[in-house]
Amino acid sequence: MFVGVDGSVESVTALDWAATFAERFGRELMVVVAWHVPTPYVHALAAVDLEAGADDVVKTAVERVQAGHHGLKIGQSVLAGAPGKVLVAEPQEADLLVVGT
């Protein structure tokens with residue numbers, strides 16, 4: 001079971017729902033954050049480390065789930081690419097993909 005997270009209120013709500021669902025049905029939860037350069041003006045983002053920011057988001061999300069669902073098996077992944085495309089392409093073996101909006 002995959003859940004896409006971006007740190008927004010909606011994705012945290014989706015994360016909480018997915019964790020409860022996964023726990024109830026004995027599934028592993030994979031928390032996924034996708035990042036991409038949102039502009040063709042890459043030089044304007046020279047000081048921004050989008051991958052590190054995505055890594056922080058996924059770590060925070062996993063910590064949140066672990067705090068409330070001690071027995072749940074949780075994986076995490078940070079992937080480069082447009083979130084919609086990554087989330088549709090990546091979880092080919094997943095039973096369910098959960099997103100906030």
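This is a predicted model: local features need pLDDT of at least 70, side-chain atom pairs count only at pLDDT 80 or more; totals for chains, interfaces and linings use all residues.
1. Sorted by class, the contact of H1 with H2 has five nonpolar and two charged residues, with no polar ones.

2. As for the geometry of the pair, two packed helices are described by the angle between their axes and by the distance between those axes. Here H1 covers residues 9–24 and H2 covers residues 50–68, and their axes come within 10 Å of each other while crossing at roughly 40°. Because an angle under 35 degrees would count as roughly parallel and one from 65 to 115 as roughly perpendicular, H1 and H2 are therefore described as oblique to each other.

3. The largest pocket holds about 200 Å³ of space, and its lining is made up of 14 residues, with Gly4, Val5, Asp6, Ser11 and Leu87 lying nearest the centre of the pocket.

4. Which elements each supply at least two residues of the lining of the largest pocket? They are H1, strand E2 (29–35) and helix H3 (83–89), and of these E2 gives the most, with three residues.

5. In terms of class, the lining of the largest pocket divides into seven nonpolar, five polar and two charged residues, whereas the contact of H1 with H2 has no polar residues.

How values were computed: Residues are numbered from 1 along each chain as its sequence is written. Side-chain values use heavy atoms; hydrogens and water are left out. Axes are lines fitted to C-alpha atoms, for helices over the stretch in contact, and angles run from 0 to 180 degrees between N-to-C directions. Helices (H or I, at least four residues) and strands (E, at least two) are DSSP runs, numbered from the N terminus. Angles under 35 degrees count as roughly parallel, over 145 as roughly antiparallel, 65 to 115 as roughly perpendicular and the rest as oblique. Ala, Val, Leu, Ile, Met, Phe, Trp, Tyr, Cys and Pro count as nonpolar, Asp, Glu, Lys and Arg as charged, and the others, Gly among them, as polar. On a 1 Å grid over the protein atoms alone, a cavity is a set of points where a 1.4 Å probe fits but cannot get out, and a pocket is an open set with protein on both sides within 12 Å along at least five of seven lines; lining residues have an atom within 4 Å of a point. Grid points are joined across faces, edges and corners, and a volume is the space filled by probe spheres set on the points.
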